[in-house]
Amino acid sequence: MADQTIYDNLTMLGGTTEQPASPDEAVLERVQNPQAGTDYCVRFVAPEFTSLCPITGQPDFAHLVIDYVPGDWLVESKSLKLFLTSFRNHGSFHEDCTVKVGKRIADMIDPKWLRIGGYWYPRGGIPIDVFYQTGPAPEGVWIPDQGVAPYRGRG
């Protein structure tokens with residue numbers, strides 16, 4: 001039998017994967033952190049996150065920035081992509097979507113620290129920015145600014 005690797009339990013890489021119908025059906029996968037014991041920051045950016053207004057059914061769009069300091073686990077990126085796209089037909093307010101994404105990741109990988117910024121594009125003339133984090137960032141880790149400018153419209 002071949003030696004096992006930290007990647008043996010991944011089910012989505014290397015093949016066709018069906019798009020989940022909802023965030024609750026989406027499977028997030030994790031992989032062992034090969035640099036466990038070293039604190040560093042990981043960033044995922046989803047500039048075209050889409051969900052639906054739960055009342056009107058109209059689409060809502062956001063720029064998500066997810067930063068985390070891993071412990072023993074990393075987020076497998078293909079499963080994260082599928083999880084995020086599972087919101088496309090999901091009706092939920094901006095606040096719920098942003099916090100749901102952050103909590104789901106944190107529950108799965110138990111990071112030393114995680115934050116998510118949800119920068120929602122205006123509908124009805126009002127942009128909404130939503131922020132969630134699990135606690136204070138660990139000392140000594142470079143955590144860059146999320147780099148998303150406040151919405152200015154045409155001004």
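Strands β5 and β6 form a hairpin in this predicted model. Between the two strands lie 2 residues. In the turn, G124 has a positive phi of about 70°. Strand β5 covers residues 113-123, and β6 covers residues 126-133. The two strands run antiparallel and are joined by 7 bridges. Within this pairing, G118 stands opposite V130 of β6.

Strand β5 also pairs with strand β3, which spans residues 59-69. Here 8 bridges join the strands, and the direction is again antiparallel. One of the residue pairs links A62 to its bridge partner W120 in β5. Burial was examined next. Of the 11 residues in β5, 8 are buried, so the strand is largely enclosed by the rest of the structure.

N33 lies in the loop between β1 and β2. Strand β1 comprises residues 30-32, and β2 comprises residues 42-52. The relative accessible area of N33 is 6%. Because the cut-off for a buried residue is under 20%, N33 counts as buried. Its side chain reaches the backbone nitrogen of Q35 at 2.8 Å. Leaving aside residues up to four places away in sequence, N33 touches Y40, P70, G71, D72, W73 and L74.

Methods: Residues numbered from 1 in each chain as written. Predicted model: local features only at pLDDT ≥ 70, side-chain atom pairs only at ≥ 80, totals over all residues. Heavy atoms only, no water. Buried < 20%, exposed > 50% of the residue type's maximum accessible area, 1.4 Å probe, protein only. Helix = DSSP H or I, 4+ residues; strand = E, 2+ residues; numbered from the N terminus. Pairing = 2+ DSSP bridges. Polar contact = N/O pair within 3.5 Å; in protein donor to acceptor, adjacent residues only side chain to side chain. Contact = heavy atoms within 4.5 Å.
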